[in-house]
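Hi,

Here is the structure I said I'd pass on. Have a look first, and my notes follow below.

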Amino acid sequence: MLNQRKQAFNTIQPLFRAAEAKTDQAAADAAMLIAEMLRVRQQARLPIAAGQDMLDKLVAALGANVAARKLFIEAHALTPALVRELGLERMFGDGSPCPDSALTTGEAEIIPIGRAA
């Protein structure tokens, strides 16, 4: 029974971490889009109001991405409680309840600041 619970936990945890990383990427992409829209508007000498409604929506979307990231952080902090709720604390021993993933082993793609800004 405990092995099945641990297997279920180990199946879900990497998916959770992948979703966390994708939330970061979505925020970075939205920020790049906003910055590029402002840059090309200026470069094309368009009026300052050009695309304002779209920029308003994109800024709101970026805010939602940042809020989603905060919720992932809060959800991640609940991992030890979930481990206890499932009765798995002894199976993890002194180790982290978060199994290694590409993000903890250094295998995750590192996005250069120039691409993210």
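A quick word on terms: I call a residue buried when its relative accessible area is under 20%, exposed when over 50%, and partly exposed in between, using a 1.4 Å probe and protein chains only. This is a predicted model, so local features need pLDDT of at least 70 and side-chain atom pairs count only at pLDDT 80 or more, while totals for chains, interfaces and linings use all residues. Residues are numbered from 1 along each chain as its sequence is written, and side-chain values use heavy atoms, with hydrogens and water left out.

The protein chain has six helices and zero strands, where a helix is a DSSP run of H or I with at least four residues, a strand is a run of E with at least two, and numbering starts at the N terminus. Of its 117 residues, 20% are buried.

Now to α2. Leu 55, Leu 58, Asn 65 and His 76 are buried there, and the buried residues of α2 pack against α1 (2-43) and α3 (79-85), a contact being heavy atoms within 4.5 Å.

As for the pairing, α1 and α2 pack at about 155°, their axes 9 Å apart. Axes here are lines fitted to C-alpha atoms over the stretch in contact, with angles from 0 to 180 degrees between N-to-C directions. The two helices are therefore roughly antiparallel, the cut-off being over 145 degrees.

Cheers

How values were computed
Parallel < 35°, antiparallel > 145°, perpendicular 65-115°, else oblique.
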